[in-house]
Amino acid sequence: CGAPHATPIPSSYPPALDGFRPSALRRTYAEVAGSDSAWVSAVRSAIGKVSPCSAPGPSSLSGAHLHGVADIASAYFVDALADFCDVVASGRVPARLTASRLVAIPKPAGGVRPIGIGETLRRVIGRLANDVLVAQLGPGLEADGQLGIAVAGAARAHHRVRNAVARGHAAVFLDVENAFNALDRRAAFAIFDSLQSPAAPLVRALYGYASPILHAGNASPPFS
């Protein structure tokens with residue numbers, strides 16, 4: 001198994017993907033770095049950032065599995081996964097990749113907190129898109145005082161609040177209930193479209209419809 005190597009952007013794909021061209025996300029990585037090897041390197045980095053101890057999704061594929069295969073068949077595996085991520089980033093997302101495994105976590109005060117655990121491969125692809133979005137949106141958000149994705153954002157927000165209180169200002173903490181699910185996704189899609197974001201096809205494919213939720217009572221092959 002050789003060391004990582006640069007590969008050109010594929011000029012063609014298997015017959016099942018006849019007519020497919022590299023995604024806008026992959027082209028963005030190539031344009032910024034001046035070489036398509038940046039995409040393959042980004043995929044390798046995204047694999048490395050997936051914790052081997054994180055819980056797997058419905059298919060049971062875990063970060064430990066990815067790390068193990070990447071270590072054994074480094075260049076071959078990462079090149080193949082890079083092409084797969086490229087296809088998914090174009091918006092051709094297999095339905096099974098959007099599925100989540102439902103786990104109920106007991107709350108201290110009673111009741112349960114439902115947690116959906118997504119597929120590990122989706123996390124890899126999500127990191128690729130996230131890095132581009134942070135670079136695209138980060139400077140503007142930070143200029144407006146939004147530090148959520150800024151470097152050391154949480155620490156900086158803490159210091160700002162502490163300094164404001166020390167000067168006699170009041171600090172108000174808001175926790176919007178179920179904020180993520182309350183978001184109008186049509187508004188989010190409109191923002192991505194207005195930004196002409198290279199991640200827009202992936203975002204629409206992942207969040208444009210309800211994702212399957214699997215649990216012990218409704219699991220079916222290959223998840224049963």
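At what angle do the axes of α4 and α5 cross, and within what distance do they come? The axes cross at roughly 75° and come within 10 Å. The model is predicted, so local features need pLDDT of at least 70 and side-chain atom pairs count only at pLDDT 80 or more, while totals for chains, interfaces and linings use all residues. Residues are numbered from 1 along each chain as its sequence is written, and side-chain values use heavy atoms, with hydrogens and water left out.

Two packed helices are described by the angle between their axes and the distance between the axes. Helices are DSSP runs (H or I, at least four residues), numbered from the N terminus. Axes are lines fitted to C-alpha atoms over the stretch in contact, and angles run from 0 to 180 degrees between N-to-C directions. α4 and α5 are therefore roughly perpendicular to each other (65 to 115 degrees; under 35 is roughly parallel, over 145 roughly antiparallel, and the rest oblique). L81, F84, C85 and V88 of α4 make the contact with L121, V124, I125 and L128 of α5 (contact means heavy atoms within 4.5 Å). This contact has eight nonpolar, no polar and no charged residues. Ala, Val, Leu, Ile, Met, Phe, Trp, Tyr, Cys and Pro count as nonpolar, Asp, Glu, Lys and Arg as charged, and the others, Gly among them, as polar.

Helix α2 (residues 37-49) also packs with helix α4 (residues 74-89): their axes come within 9 Å and cross at roughly 100°. α2 and α4 are therefore roughly perpendicular to each other. From α2, W39, V40, V43, R44 and I47 take part; from α4, the residues include F77, V78, L81 and C85. The contact of α2 with α4 divides into ten nonpolar, one polar and three charged residues.

Helix α2 packs with helix α5 (residues 120-143) at an angle of about 120°, with the axes 9 Å apart. That makes α2 oblique to α5. In this contact, W39, A42, V43, A46 and K49 in α2 meet V124, R127, L128 and D131 in α5. By class, there are six nonpolar, no polar and three charged residues.

The second largest pocket has a volume of about 160 Å³. V161, A164, A170, A171, V172 and F173 line this pocket. Its lining has six nonpolar, no polar and no charged residues. A pocket is an open set of points on a 1 Å grid over the protein atoms alone, where a 1.4 Å probe fits, with protein on both sides within 12 Å along at least five of seven lines; lining residues have an atom within 4 Å of a point. Grid points are joined across faces, edges and corners, and a volume is the space filled by probe spheres set on the points.

Methods: Helices (H or I, at least four residues) and strands (E, at least two) are DSSP runs, numbered from the N terminus.
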